[in-house]
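Thanks, everyone, for making the time this morning. I would like to walk you slowly through one structure, so please look at it with me as it comes up.

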Amino acid sequence: MKVSETRLCCQTNEHWLEHALCLVRDVGYAVVEGVIPSAMVVETSDRLRAVHERIVAEIGADRLRRAGELGILRLMMKYDRFFTHYLEVPQVLAVVDATVSPTAIMHLQNGFILPSYPVDTAPEVAQNNYHMDFRRLLNGYCASINVFIAISEFTTENGATLVVPGSQQKTEKPDKGYLAANAEQLTCPPGTMIVFDSTLWHASGRNVSGTDRLSINHQFTRSWIKPQIDYVRALGDETMLLLSERTQQLLGWYSRVVTSLDEYYQPAENRLYRAGQG
Ligand SMILES: O=C(O)CCC(=O)C(=O)O
């Protein structure tokens, strides 16, 4: 399959969802352009930088450096509720519903301010080595899906994401040489949504452009899989109750674990872990 065939525009192709789902099944990923309006893209850039400053102020630059990550911003919605709007984007929700079901939860939402380094000087970290985001293979069952949003234009110079077509749902790790030789670099305009099976082998490219590359990664799973962060506890009930029912669902509000018999013996509508969660 040619790279161009894995690209769709949701503004001009009314069948974008069914095409994207076939691509994710057969090739492991689909690149859907025209998802995030440009005003939201611009606002996101500013807010990513503001959240970055707050995280550095709270956790400290040294501790973040020791974590061996390149500009990853975790739990952004705690610092700025704007980031919950990504859980209202119709195209994102359509992908979630069709893959991991309407009762899915968000496993992570990570912002990236991928810094630029001179050629061959970027530190080797997990992000820029080929990896799968979900490492369990369940006989083809889709347990986890990624929705990765380009906020900057993704170019070869600024380290557009690398994916290895057809490497999803494989029981054996492909060898390093195969991954490097077969990777496609997903250059795309800002506001593009890259959808991929979370078992697809991928990595960030090397940013040598001289400016940061901005993006947001989302991973959604079936509701019985633990999220990377307990968003309900992290945000607190007061904030959770301000959010829409769908956003609450995605953040795990309906798959909380009880801590007392009083919580356990509640009528169905008040239960922390609702029936029918998949
Ligand atoms: O930033 C990218 O292009 C990919 C990042 C990534 O693979 C990850 O954090 O799991």
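This is a predicted model: local features need pLDDT of at least 70, side-chain atom pairs count only at pLDDT 80 or more; totals for chains, interfaces and linings use all residues.

Let me begin with Ser-144, whose side chain makes a polar contact of 2.9 Å with the side chain of Gln-219, where a polar contact is a pair of N or O atoms within 3.5 Å, and within protein one atom must be able to donate a hydrogen and the other to accept it, with residues adjacent in sequence counting only if both atoms are side-chain atoms. The side chain of Ser-144 also has a polar contact of 2.7 Å with that of Ser-198. Ser-144 sits in strand β5, strands being DSSP runs of E with at least two residues and helices runs of H or I with at least four, numbered from the N terminus. Ser-144 counts as buried because its relative accessibility is 3%, and the cut-offs are under 20% for buried, over 50% for exposed and partly exposed in between, with a 1.4 Å probe and protein chains only.

Residues are numbered from 1 along each chain as its sequence is written, and side-chain values use heavy atoms, with hydrogens and water left out.

Now to the ligand, which has around it Phe-112, Gln-127, His-131, Asp-133, Phe-148, Thr-161, His-202, Ser-204 and Arg-213, a residue being near if one of its heavy atoms lies within 4 Å. Taken alone, the ligand exposes 290 Å², of which the protein buries 92%, with areas from the Shrake-Rupley method, a 1.4 Å probe and, for residues, only the protein chains shown as cover.

Finally, what joins Arg-49 to Asp-212? Their side chains meet in a salt bridge at 2.9 Å, N to O, that is, a side-chain nitrogen of Lys or Arg within 4 Å of a carboxyl oxygen of Asp or Glu. This pair links distant parts of the chain, since Arg-49 is in helix α2 and Asp-212 in the loop between β9 and β10, 163 residues apart. Arg-49 is partly exposed because its relative accessible area is 38%, and Asp-212, at 27%, is partly exposed too.
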